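Welcome! Please take a moment with the sequence and the 3D view below before reading on.

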Amino acid sequence: LAAASLKTGQKLNEGKTKQIFELVDQPGLVLVQSKDQITAGNAVRKDQMEGKAAIANKTTSCVFKLLQEAGIKTAFVKQHSDTAFIAAHCEMIPIEWVCRRVATGSFLKRNPGVKEGYRFSPLKMEMFFKDDANNDPQWSEEQLLEAKFCLAGLTIGQCEVDIMNRSTVAIFEILEKSWATLNCTLVDMKIEFGVNVKTQEIVLADVIDNDSWRLWPAGDRSQQKDKQVYRDLKEVTPEAMQMVKRNFEWVAERVELLLESQASGRVVVLMGSTSDMAHCEKIRKACASYGVACILRVTSAHKGPDETLRIKAQYEGDGVPTVFVAVAGRSNGLGPVMSGNTAYPVINCPPISPDWGAQDVWSSLRLPSGLGCSTILSPEASAQFAAQIFGLTNHLVWCKLRASLLNTWVSLKLADKKLQACTI
């Protein structure tokens with residue numbers, strides 16, 4: 001085993017499809033080792049599927065990388081071998097969080113009268129308590145709160161439940177958006193959270209592989225590629241298992257493509273003079289956080305209009321989608337001149353000075369007819385707006401924006417919890 005070079009310690013846990021080992025030389029980290037086993041109905045049906053460990057490990061590693069690059073907090077550290085990955089050691093919260101976009105499967109049995117294919121907007125959230133002996137009963141939020149789980153020193157209260165709820169929705173939407181780029185519908189998904197033993201932080205843990213979701217290419221159930229194919233088998237024959245394996249391989253190959261950007265775009269910041277450099281650097285830094293390229297140029301529409309239009313033509317001529325940001329103090333001629341001469345979006349982001357700023361801003365806000373540039377005073381917000389434009393066609397940028405919304409919400413929630421603890 002390649003894992004031997006890592007020096008694994010005792011086995012901390014074993015599930016139906018994986019084993020978890022402590023890492024002797026790396027406290028706080030564990031090795032998650034996949035098994036070649038596939039199960040259904042709480043292991044009422046179970047079979048060996050040669051190569052499944054490698055397929056599942058590749059799938060889960062790619063999914064976690066995608067989520068982590070977007071900005072979602074996960075336990076995943078890195079892929080270690082074909083069949084194992086390294087993760088932060090977590091105490092697991094014994095709840096499966098299920099998120100549904102389309103009604104199918106067990107939801108229909110529990111909600112007679114709802115037709116298959118009913119679309120949930122907003123997403124439908126459900127919780128199931130992990131208890132094999134009782135077939136993982138569905139739980140309400142009240143049951144989860146009353147259980148008063150305490151894991152790695154963190155008591156699971158209302159704040160923690162809300163964070164997991166919100167996180168599940170964000171994680172689903174990020175993966176749904178990503179799969180949609182391959183014309184594949186993410187129908188539903190189950191995930192689990194853990195409490196990081198070092199940081200006491202709630203993070204997405206366990207695995208997300210082809211056992212975790214339903215995937216319907218082109219939204220067509222008859223083409224399903226997930227574990228449901230195995231659950232639906234009338235009898236398990238070698239031929240049937242080959243078909244199941246091919247489906248799992250199909251997913252593992254495509255999941256890698258989700259990490260690739262669709263169309264790259266760029267922001268071109270035009271500044272009236274280098275005295276605005278600090279303001280423009282803030283735009284560039286914020287663009288980088290969304291994975292958007294940003295180029296800084298100096299030009300004055302008042303003093304050198306021909307040069308301004310030559311620079312504009314340079315970025316219109318190579319086919320790369322571009323958003324122009326005009327940074328001009330005093331009288332902003334730059335944004336309006338650009339907007340009157342290009343079909344690309346133009347954002348005014350004037351650096352407002354304390355002396356004449358209140359008057360100067362009108363040159364960005366009051367424009368001649370036929371011009372459509374927006375005005376955003378904050379450099380960070382102008383970069384965010386540009387990223388939102390690119391997010392319409394680039395799922396990786398959209399995923400970063402979506403995770404950023406979640407992280408802002410979570411930090412407010414934790415700040416409030418901390419404040420309440422101080423004032424009680």
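What follows is a short tour of domains, ring pairs, charges over rings and one glutamine.

This is a predicted model, in which local features need pLDDT of at least 70 and side-chain atom pairs count only at pLDDT 80 or more, while totals for chains, interfaces and linings use all residues. Residues are numbered from 1 along each chain as its sequence is written, and side-chain values use heavy atoms, with hydrogens and water left out.

Let's begin with the overall layout. The domain assignment (bounds from an automatic or database source) gives domain 1 (38-258) and domain 2 (266-393). Their C-alpha centres lie 43 Å apart.

Next come the aromatic rings. The structure holds 11 aromatic pairs. Rings of Phe, Tyr and Trp (its six-membered ring) pair if their centres lie within 6.5 Å; planes under 30 degrees apart count as stacked, over 60 as edge-to-face and the rest as tilted. Among the pairs is the tilted one of Phe64 and Phe85, with 6.4 Å centre to centre and 35 degrees between the planes. Phe64 belongs to helix H1 (residues 52-70) and Phe85 to strand S7 (residues 84-88), so this pair ties together parts that are 21 residues apart in sequence. Helices (H or I, at least four residues) and strands (E, at least two) are DSSP runs, numbered from the N terminus. Both Phe64 and Phe85 are buried, meaning under 20% relative accessible area, with exposed over 50% and partly exposed in between (1.4 Å probe, protein chains only). Ring pairs also link Phe64, Phe76 and Phe85 into a cluster.

How are the rings of Phe129 and Trp139 arranged? Their centres are 4.3 Å apart and their planes at 15 degrees, so the pair is stacked. Phe129 lies in strand S10 (residues 119-129) and Trp139 in strand S11 (residues 138-139), 10 residues apart. Phe129 is buried at 18% relative accessible area, and Trp139 is buried at 16%.

Some charged ends sit over rings, which requires NZ of Lys or CZ of Arg within 6 Å of the ring centre and within 35 degrees of the ring normal. Here are two examples:

| Charged residue | Ring | Distance to ring centre |
|---|---|---|
| Arg45 | Tyr230 | 5.5 Å |
| Lys177 | Trp398 | 4.8 Å |

Gln19 counts as buried, at 18% relative accessibility. Leaving aside residues up to four places away in sequence, Gln19 touches Lys11, Asn13, Glu14, Leu31, Val32, Gln33 and Lys35, where contact means heavy atoms within 4.5 Å.
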